[in-house]
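Visitor: I have this one open on my screen and would like to talk it through with you. Could we begin with the charged pairs and then move on to the rest?

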Amino acid sequence: MACALLNGRAVPSSPRLIPTCLCVFSFLVTYLCYSALFSADAVIMQAPGDLPRGCRRSPVDGGGKRRLQKSVSCVLPFEEGERDPVRALPRRNDTLISPPVTAKFGNKKLPNAIIVGVKKGGTRAVLEFIRIHPDVRAVGTETHFFDRNHDRGLDWYRSLMPRTLEGQISMEKTPSYFVTADAPRRIAAMSRHTKLIVVVRDPVTRAISDYTQTLTKTPDLPSFQELAFLNQSQGLVDVSWNAIRIGLYALHLECWLRHFPLEQIHFVSGERLITDPAGELGRVQDFLGLKRIVTDKHFYFNRTKGFPCLKKPESSVSPRCLGKSKGRTHVQIEREAVEQLRDFYRPHNVRFYEMVGFDFRWD
């Protein structure tokens, strides 16, 4: 019709009008075809199980026939007994609420390893150095569970532990455990698989360090010699004084070996921890079954403290050194008293070397 009108008004002999006519006619035919195929009321076939966007399933009606409900969100049937995933979500004012996200990850578990001693040996340094390992989580404070708080129970003890993910080690350190008679039995009752770390140091130097620390808290303390000796002229040492008794490592180790095999106890040298912290930490990582990640690159020697410190983390403005109580200058003890104590400890040290299979060279 459109072509006829055009032809009626145009010059019949003009050949350029024929293509124009054909174009208009093709456009009209295409429009009519699409209108017929995709009318608003047409039903679109879907493969079984396919859900249109925005659709959800609805229950089967009482007659057993599936129904398609027209609504803002298309609703398709779901089988009897099948849970409606949308209705399962909590709602507030007809608005879907996202499931709550747990902010804390991991679980609290009883420790896999414990630094059990010794006081003034370097336990704090070992804990701070090893806890930079990504697979180690440790309690920062001393729990004193196996010596002072055992009556609180394991659930209380577990509550103090840090959260750990699968593959991570949980640790704590309380150096008084090593000299507590009941600690080995109590730890074994918790788990015979617990790994134990003991940081030992020349017992004479350790005793002087112990006294120095106590003196800062109790300025009127008697002199070191008064406390260390029953009779200094005769060389009689007072083993009842805790600072002296802690250094009898072989005596205390006997109690632990009644409950744990020697291979389950690792001994760290307090002296080598100062001169070669990376080497000592490498052996600790091996003992704990960890990859050697804490290495030389993590340490530098602080000449002021006379002790190694951790290098500055990227997230910090200063390096991580131990507290003011670490690396403090010891009280000066007369040389004769020191030599008398070395003579006293020598046979105990030799026995300790034989028990652990290593010579710490404290003489």
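This is a predicted model: local features need pLDDT of at least 70, side-chain atom pairs count only at pLDDT 80 or more; totals for chains, interfaces and linings use all residues.

Visitor: How many salt bridges does the structure hold?

Guide: The structure holds 15 of them. Another one involves Glu-128 again, this time with Arg-124, where the closest N and O atoms are 2.9 Å apart.

Visitor: Where do Glu-128 and Arg-124 sit relative to each other in helix 3?

Guide: They are four residues apart in helix 3, which covers residues 123–130, so about one helical turn separates them.

Visitor: And are the residues buried or exposed, Glu-128 and Arg-124?

Guide: Both Glu-128 and Arg-124 are buried, and for Glu-128 the relative accessible area is 15%. Arg-131, by contrast, is partly exposed, with a relative accessible area of 28%.

Visitor: Which parts does the pair of Lys-173 and Glu-142 tie together?

Guide: The side chains of Lys-173 and Glu-142 meet in a salt bridge at 2.8 Å, N to O. Lys-173 lies in strand 9 and Glu-142 in the loop between strand 7 and helix 4, so this pair ties together parts that are 31 residues apart in sequence. Lys-173 is buried, at 4% relative accessible area, while Glu-142 counts as partly exposed at 31%. There is also a network, in which salt bridges that share partners join Lys-119, Arg-206 and Asp-210.

Visitor: Staying with strand 9 for a moment, how many of its residues are buried?

Guide: Five of its five residues are buried, which leaves strand 9 mostly covered. Ile-169, Met-171 and Lys-173 point one way from the strand, and Ser-170 and Glu-172 point the other way.

Visitor: What does the sheet around it look like, in terms of strand order?

Guide: It is an open sheet of five strands in the order 7-9-6-10-13, with parallel pairing. The edges are strand 7 (136–138) and strand 13, each of which pairs on one side only, and from one strand to the next the twist averages 25°.

Visitor: Which bridges hold strand 9 to its partners?

Guide: Strand 9 is joined to strand 6 by three bridges, and Lys-173 in strand 9 is the bridge partner of Ile-115. Strand 7 and strand 9 likewise pair over three bridges in the parallel sense, with Ala-138 standing opposite Met-171. Moving across the sheet, four bridges join strand 6 to strand 10, and the partner of Gly-117 there is Val-198.

Visitor: Last topic: which residues have the most contacts inside the largest nonpolar core?

Guide: Those are Val-116, Phe-146, Tyr-177, Ile-187, Trp-256 and Phe-352, in a core of 30 residues. Strand 6, helix 5, strand 10, helix 9, strand 13 and helix 12 each supply at least two residues of this core. Apart from it lies another core of 25 residues, among them Val-136, Ile-197, Val-199 and Leu-281.

Visitor: What is Tyr-177 in contact with?

Guide: Leaving aside neighbours within four places in sequence, the contacts of Tyr-177 include Ile-114, Val-116, Phe-146, Ile-187 and Trp-256, and also His-144, Asp-147 and Glu-172.

Methods: Residues are numbered from 1 along each chain as its sequence is written. Side-chain values use heavy atoms; hydrogens and water are left out. A nonpolar core is a set of buried Ala, Val, Leu, Ile, Met, Phe, Trp, Tyr and Cys residues joined through side-chain atoms within 4.5 Å. Buried means under 20% relative accessible area, exposed over 50%, partly exposed in between (1.4 Å probe, protein chains only). Contact means heavy atoms within 4.5 Å. Two strands pair if DSSP finds at least two bridges between them. Axes are lines fitted to C-alpha atoms, for helices over the stretch in contact, and angles run from 0 to 180 degrees between N-to-C directions. A salt bridge is a side-chain nitrogen of Lys or Arg within 4 Å of a carboxyl oxygen of Asp or Glu.
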